[in-house]
Amino acid sequence: MIEYYIIFSILSFLAYKEIHKPEKLNAYSYIFLILLFSIFIGLRNEIGCDWTAYKNIFNLTKCTTSDGTINLCNKFGIYNTLEYLKFKEIGFSSINLIISKFGGNLYFSNYFFSLLFVIPLLNFCSNLKRPFLAILVSYPYLITVIGIGTIRQAIAIAFLMVGINALNKNKIYKYYFFNSFSIIFHYSSLIFIFLPLLISPKRNIKLKKNKKFLFYLFLILGLSLIIFNNNYFSYQLNGYLNYIEATSFKSPLMVWSMISLPAIFILKNYKDIKEEDENRFWKNYSIICILMIFLIFFNNIISLRLLLYFLPLKIYALSNLPQISIFKYFPTKAYLITFVISLSTLTVWLNFANHSYCYLPYKNLLLN
């Protein structure tokens with residue numbers, strides 16, 4: 001367990017250094033953080049509740065050649081390349097297949113996927129006023145739990161975060177470019193084709209027209225992707241709707257609480273961030289986040305999957321805590337609050353979460 005706290009301590013120190021003089025991440029910071037997190041996530045060994053599932057998915061690449069493992073191929077009904085590509089999201093399946101064809105193994109695959117998660121995440125944090133504080137907030141849950149446990153959705157969230165950066169600059173085309181990557185790694189992010197509708201561009205007729213055109217275009221492309229991969233999509237949807245006992249009501253409720261409180265914080269102190277939120281994205285995103293409580297009563301699994309895409313809201317809110325008027329002259333207090341919240345999140349999850357046993361003890365190829 002100590003490995004998790006060592007990384008947390010490093011990030012806490014870096015975040016503390018920037019409290020009085022926040023700066024953009026430089027090249028050295030990028031390289032250090034990419035190496036740190038890619039080793040932490042990408043070189044993990046038998047860590048995460050989905051480890052066996054991801055191992056099987058990679059091994060299924062052999063079903064596309066004469067070297068296929070007969071029992072495994074028969075179990076999942078995969079006997080050629082097309083069937084494998086349709087087995088999971090097309091982006092995830094394609095990369096696994098390419099790595100396998102060039103002689104790579106599961107660990108090569110894990111490391112590459114960790115880069116696809118870490119680099120977009122750092123890009124998002126680097127665009128905030130206090131990037132190291134944002135990374136510290138990201139670490140206990142998004143990086144540790146989601147990044148290690150469900151890398152496919154972690155990548156989807158990370159690319160959505162880069163898309164949010166573009167959306168905040170009213171770059172709709174760029175947003176959909178990144179959203180397309182998000183979708184091919186986890187189809188649940190398809191619903192975020194609606195996200196540009198949350199921005200409120202002032203006196204920009206061209207942008208309003210682009211929003212409508214791109215929305216319909218992307219909707220058609222998204223539906224085409226679902227039709228192409230209809231077996232997997234149908235299987236997932238059936239699982240979400242008919243096996244709700246797999247996830248307790250408590251899980252999505254806890255995630256909702258984790259992100260709704262920062263959302264309320266943004267709305268209550270909106271006057272302090274209003275100038276930088278010109279198109280009202282964070283305000284509208286906060287409102288949608290709070291309303292997600294109603295989805296929990298409909299379906300636990302669907303609500304949990306979608307709530308994870310609101311984690312950027314928590315990162316944005318807590319990293320901006322020092323600029324709120326009540327902390328304007330006491331930024332250290334804002335840092336301490338964020339530190340305590342992050343440390344508590346990490347500690348509670350590692351010690352009391354239902355699935356924390358999948359993460360303990362932490363094992364890594366380098367440590368072995």
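Select Ser 93. At 1% relative accessibility, Ser 93 counts as buried in this predicted model, because the cut-off for buried is under 20%. Ser 93 sits in helix 6. Show its surroundings: beyond residues up to four places away in sequence, Ser 93 touches Tyr 84, Leu 85 and Lys 88.

Next, select helix 3, residues 51-59. Which of its residues are buried? Colour Trp 51, Tyr 54, Ile 57 and Phe 58. Why do they fall on the same side of helix 3? They cover an arc of only 125° around the axis, so they share one side.

Move to Ser 38, in helix 2 (residues 27-42). Ser 38 is buried, with a relative accessible area of 0%. Draw a distance from its side chain to the backbone: a polar side-chain atom of Ser 38 lies 2.6 Å from the backbone oxygen of Ile 34. Then leave aside neighbours within four places in sequence. The contacts of Ser 38 are Leu 43, Tyr 111, Ser 114, Leu 115 and Val 118.

Now the cysteines. How many disulfides does the whole structure hold? A search finds 2.

Select Cys 49 and Cys 358, joined S to S at 2.0 Å. This pair links distant parts of the chain, 309 residues apart. Cys 49 lies in the loop between helix 2 and helix 3, and Cys 358 in the segment after helix 19 (331-352). The torsion about the S-S bond of Cys 49 and Cys 358 is about 100°, so this disulfide is right-handed. Check the two ends. Cys 49 is partly exposed, at 35% relative accessible area, whereas Cys 358 counts as buried at 12%.

Select Cys 63 and Cys 73, whose sulfur atoms are 2.0 Å apart in a disulfide. Cys 63 is in the loop between helix 3 and helix 4 (70-76), while Cys 73 is in helix 4, 10 residues apart. Here the S-S torsion is about -100°, so the disulfide is left-handed. Both Cys 63 and Cys 73 are buried. Counting bonded cysteines along the chain, the disulfide pattern is 1-4, 2-3.

Two further cysteines to click: Cys 125 is buried at 0% relative accessible area, and Cys 289 is buried at 0% too.

Finally, zoom out. The chain has 19 helices and 0 strands. Of its 368 residues, 54% are buried. Among contacts between residues at least 6 apart in sequence, 77% join residues at least 24 apart.

Technical notes:
Residues numbered from 1 in each chain as written. Predicted model: local features only at pLDDT ≥ 70, side-chain atom pairs only at ≥ 80, totals over all residues. Heavy atoms only, no water. Buried < 20%, exposed > 50% of the residue type's maximum accessible area, 1.4 Å probe, protein only. Helix = DSSP H or I, 4+ residues; strand = E, 2+ residues; numbered from the N terminus. Arc of directions from axis to C-beta. Contact = heavy atoms within 4.5 Å. Polar contact = N/O pair within 3.5 Å; in protein donor to acceptor, adjacent residues only side chain to side chain. Disulfide = S-S within 2.5 Å.
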